[in-house]
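Okay, thanks for coming, everyone. Let me put the structure up, and then I'll walk you through a few parts of it.

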Amino acid sequence: MKTRTFLSVVTIALLSGLSVASASSGSKDIKAKPASSSMLQKDQLSLTSSQEKTVWRDIAKHARKEKAPANFSIKVGTSVPSTLMTYPVPIKTSNKVPSLRRYQYALLENNKLLIVNPHDNKIADVITH
């Protein structure tokens, strides 16, 4: 019975991000640690100018330009309206700039390329040409 309880505690601890050592310490106040920042996708990127040029060159020549809604504020952290179509960053581009692998993009008529976090639909970066 003790083995099952211990295994249950260890399993729960591992699933919640705790270490086995803290799970087996006998403490009754087990608190889950927040997920590490590397596990969470940030809503802001820091691309170099060279990376931005690569992304622009790869995406702009094939992407369909979208018209942004009239009251849409184009800045990092702003949610993209549902009326604006976003697309996965092409594999060719994400191979050149790996930090973009899990992002999407929207190319606007005003020559702004939005890099969008698909998990919360917020702008992570704006590349202009």
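**A quick tour of the chain**

So, to start with the overall picture: the chain has 129 residues, and 29% of them are buried. Keep in mind that this is a predicted model. The chain exposes about 8,700 Å², with carbon and sulfur atoms supplying 54% of that.

What's it built from? Four helices and five strands. If you read from the N terminus, the order goes α-α-α-β-β-α-β-β-β. And if you take the contacts with a separation of 6 or more, 51% of them are between residues 24 or more positions apart.

Now look at the strands E4 and E5. E4 covers residues 112-117 and E5 covers residues 122-128; they run antiparallel, with six bridges joining them.

Next, Thr-78. Where does it sit? In the loop between strand E1, residues 65-66, and strand E2, residues 87-88. Is Thr-78 buried or exposed? Its relative accessibility is 17%, so Thr-78 counts as buried, the cut-off being under 20%.

And what does Thr-78 touch? Leaving out residues up to four places away in sequence, we get Phe-72, Ser-73, Asn-121, Lys-122 and Ile-123.

Notes
Residues numbered from 1 in each chain as written. Predicted model: local features only at pLDDT ≥ 70, side-chain atom pairs only at ≥ 80, totals over all residues. Heavy atoms only, no water. Helix = DSSP H or I, 4+ residues; strand = E, 2+ residues; numbered from the N terminus. Buried < 20%, exposed > 50% of the residue type's maximum accessible area, 1.4 Å probe, protein only. Contact = heavy atoms within 4.5 Å. Areas by Shrake-Rupley, 256 points an atom, 1.4 Å probe, with all protein chains shown as cover. Pairing = 2+ DSSP bridges.
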